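Look at the structure below, and keep it in view while reading.

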Amino acid sequence: PATLGMLGGGQLGRFFVLAAHEMGYQVWVLDPDPASPAGAAADRHLKAAFDDYAALDELAHGCAAISTEFENVPADTLDYLAKFVPVRPSADAVAVCQNRVAEKSFLASHGIPHAPFAPINTEADLREVSPTLFPAILKVARFGYDGKGQARVANRDEAIAAFRGFKGEACVLEQMLSLDYEISVVLARDEAGQVKCFPASENSHSRGILDVSIAPARATVCLRDSAQEIAEKIAADLGYVGTLGVEFFISRGELYVNEMAPRPHNSGHFTVDACVTSQYEQQVRALVGLPLGDARAHSVAVMVNLLGDIWFDAAGNCREPDWSRLFAIPNLKLHLYGKRHARPGRKMGHFTVIGTDPVKVLAAATAARSAIGIRDE
Ligand code: ATP
Ligand code: MG
Ligand code: MG
């Protein structure tokens, strides 16, 4: 069977491996972490850094095509691999999504709605930004995730203090929007420009980390359609091939793009259990040039992330949660990622409740969430 390459060994890569195996492909995973979830599921795990060119040569020569599950793979690595083998998404598309300055400039130059922002390279830049940006969020331009590398700042002085805290790293200062709620759209786009969009999901976060996704989002059809149109425009303008996640804010009834993920998205986990084709199968299909599958949802779904916090009791002792409480619910699907060590805030697994009645599904997921010990902040 043909062998596919995956850059990154996290849970998104693991679901790609599982989907690829079901479709008859082998997968080699490149990730420096010897205990990476995707590495453990793969046919071969190259335990090397993303800029280890000997390992990249092996991957390029052993694989028919290569994708990524990690948005911070160096663009140079993708460019290098692309000399030997198809790499999807392309280095250029990933480069836009992995730097907030490039990302927001892309949105601005393509007429896509986004929060007002300014690139910040020096303290002088902060002294000159428009006062209308405050209150704001200062975000490091690269390597931030799960709300890390962000500071909420009420005014210029706080922004300068926060910028010093980030030790001079390039940042963006973004106006704080008053959020009605957040949604995301995951889509897949093939080489010929055909697009399949999954239903938009509605996302709530806890301590900056995705907590619950409800699909379809409880937004008007008009808003969901516009979000899909915007996501499709982004994919087309990026010349994107593969699975793409686009996060949106809804503020005073209007859509704003927050950020893009050049890979499957945490909020798209529901597609595994609730859609005809999952976001991971689409990633495989787009990668190897197969026609995309039907993205239609056959069920409504609520996905709940399982963070490492629930592995610890009140005394701080680590023990496996009692999964029988979840297995007792017939329309609940549990997915554990096989991570050996739990840490607070670490994504260890998720579950999805599916059904036909959105109110009942949400109630069941909420009950399951508390039964397993997840507390609201
Ligand atoms: P992810 O884990 O999704 O990659 P991240 O660390 O890249 O997260 P963002 O998505 O930029 O961070 O922001 C995290 C969350 O912070 C958002 O989902 C939203 O709840 C809040 N947030 C970010 N920017 C703004 C803003 N301009 N106005 C209001 N809330 C915001
Ligand atoms: Mg992000
Ligand atoms: Mg985000």
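Around ligand 1 there are 18 residues, and the closest are Ala-115, Tyr-145, Asp-146, Glu-174 and Leu-177; a residue is near a molecule if its C-beta atom, placed from the backbone, lies within 6 Å of it. Two elements, β6 and β14, each give two or more residues to this shell. Strands are DSSP runs of E with at least two residues, helices are runs of H or I with at least four, and both are numbered from the N terminus. By type, the shell has six nonpolar, five polar and seven charged residues. Here Ala, Val, Leu, Ile, Met, Phe, Trp, Tyr, Cys and Pro count as nonpolar, Asp, Glu, Lys and Arg as charged, and the others, Gly among them, as polar.

This is a predicted model, in which local features need pLDDT of at least 70 and side-chain atom pairs count only at pLDDT 80 or more, while totals for chains, interfaces and linings use all residues. Residues are numbered from 1 along each chain as its sequence is written, and chains are lettered from A and ligands numbered from 1 in the order in which they are written.

Next comes helix α6, residues 100-109, in which Arg-100, Glu-103, Lys-104, Phe-106 and Leu-107 are buried (20 or more other C-beta atoms within 10 Å of the residue's own, with C-beta atoms placed from the backbone). Seen down the helix axis, these buried residues fall within an arc of 150 degrees, so they line one face of α6; the arc is that of the directions from the axis to the C-beta atoms. They pack against α5, β5, β6, β8 and β14.

Strand β8 contains Val-172, which counts as buried because it has 21 C-beta neighbours inside 10 Å. Beyond its neighbours within four places in sequence, Val-172 is in contact with residues including Arg-100, Val-101 and Lys-104, where contact requires C-beta atoms, placed from the backbone, within 7 Å.

Over the whole protein chain there are 13 helices and 17 strands. Of its 377 residues, 45% count as buried.

How values were computed: A residue is buried if 20 or more other C-beta atoms lie within 10 Å of its own, exposed if 12 or fewer, and partly exposed in between; C-beta atoms are placed from the backbone. Two residues are in contact if their C-beta atoms, placed from the backbone, lie within 7 Å.
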